[in-house]
Amino acid sequence: GYPEALLVLGQAAEGAGMWEDAADAWRQLSEMGARGRPYLSRYATALVKLGDQYFGLKRYKDAADAFDRALVSDRTAVDAAEVTKKRDRARELAGK
């Protein structure tokens, strides 16, 4: 079914380093009520990886947004202090 397809997509995208696609799959799964909650941590992790990817591409505004979404989705799944530092740095660079 649809949730299983999203699970396969999320796993494949993670394996390929396609963090935008991975984050999208985990987001959709996490929005499926109680059975989707276990995927919030994978969503948050993928968002941090996506933010790192954007930062490396000098897409600082996009990086800051991805880090923000990670912090809102599941702070317990990521190093919140480290992600906050990354977000603040990306915001600083986006303003230049």
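This report describes helix packing, the nonpolar core and selected residues in a predicted model.

## Packing of H1 against H2

The axes of H1 and H2 come within 8 Å and cross at roughly 150°. Angles over 145 degrees count as roughly antiparallel, so H1 is roughly antiparallel to H2. The crossing in which H1 passes H2 is left-handed.

On the H1 side, the contact involves Tyr2, Pro3, Leu6, Leu7, Leu9, Gly10, Gln11, Ala13 and Glu14. These residues meet Trp19, Asp21, Ala22, Ala25, Trp26, Gln28 and Leu29 in H2. By class, the residues of the contact of H1 with H2 comprise 11 nonpolar, 3 polar and 2 charged.

## Packing of H2 against H3

Helix H2 spans residues 19-30 and helix H3 spans residues 40-56. The two helices pack at an angle of about 155°, and their axes are 8 Å apart. That angle makes H2 roughly antiparallel to H3. Their crossing is left-handed.

H2 contributes Trp19, Glu20, Ala22, Ala23, Trp26, Arg27 and Ser30 to the contact with H3. The H3 residues that they meet are Leu40, Arg42, Tyr43, Ala46, Leu47, Lys49, Leu50, Gln53 and Tyr54. In the contact of H2 with H3, 10 residues are nonpolar, 2 are polar and 4 are charged.

## Packing of H3 against H4

For H3 and H4, the packing angle is about 165° and the axes are 8 Å apart. H3 and H4 are therefore roughly antiparallel to each other. H3 passes H4 in a crossing that is left-handed.

From H3, the contact draws on Leu40, Tyr43, Ala44, Leu47, Val48, Leu50, Gly51, Asp52, Tyr54 and Phe55.

## The nonpolar core

The largest nonpolar core has 25 residues. Within this core, Ala22, Trp26, Ala46, Leu47, Val48, Leu50 and Val83 touch the most other members. At least two residues of the core are supplied by each of helix H1 (2-15), H2, H3, helix H4 (60-73) and helix H5 (80-94). H3 provides the largest share, 7 residues. In soluble globular proteins, nonpolar side chains tend to be buried together.

Alanine 22 is one of the core residues that touch the most other members. When neighbours within four places in sequence are left aside, alanine 22 is in contact with Gly10, Ala13, Glu14 and Ala46. Of these, Gly10, Ala13 and Glu14 belong to the H1 side of the contact with H2, while Ala46 belongs to the H3 side of the contact with H2.

## The loop between H3 and H4

Lysine 58 is found in the loop between H3 and H4. Its phi is near 65°, a positive value in a residue other than glycine. Most residues other than glycine have a negative phi. Lysine 58 counts as exposed because its relative accessibility is 61%, and the cut-off for exposed is over 50%.

## Residues of H5

Arginine 87 lies in helix H5. With a relative accessibility of 16%, arginine 87 counts as buried, since buried means under 20%. Not counting residues up to four places away in sequence, arginine 87 touches Ala64, Phe67, Asp68 and Leu71. Aspartate 88 is also placed in helix H5, but aspartate 88 counts as partly exposed at 36% relative accessibility. The C-alpha atoms of aspartate 88 and phenylalanine 67 are separated by 9.2 Å, and the two residues are 21 residues apart along the chain.

Leucine 93 likewise has its place in helix H5. Leucine 93 is buried, given its relative accessible area of 17%. Leaving aside neighbours within four places in sequence, leucine 93 is in contact with Phe55 and Tyr60. Leucine 93 and aspartate 68 are 25 residues apart along the chain, with 15 Å separating their C-alpha atoms.

Note on methods
Residues numbered from 1 in each chain as written. Predicted model: local features only at pLDDT ≥ 70, side-chain atom pairs only at ≥ 80, totals over all residues. Heavy atoms only, no water. Axes fitted to C-alpha atoms, helices over the stretch in contact; angles between N-to-C directions. Helix = DSSP H or I, 4+ residues; strand = E, 2+ residues; numbered from the N terminus. Parallel < 35°, antiparallel > 145°, perpendicular 65-115°, else oblique. Left-handed = near helix turned anticlockwise from the far one by under 90°. Contact = heavy atoms within 4.5 Å. Nonpolar A, V, L, I, M, F, W, Y, C, P; charged D, E, K, R; others polar. Core = buried A, V, L, I, M, F, W, Y, C linked by side-chain atoms within 4.5 Å. Buried < 20%, exposed > 50% of the residue type's maximum accessible area, 1.4 Å probe, protein only.
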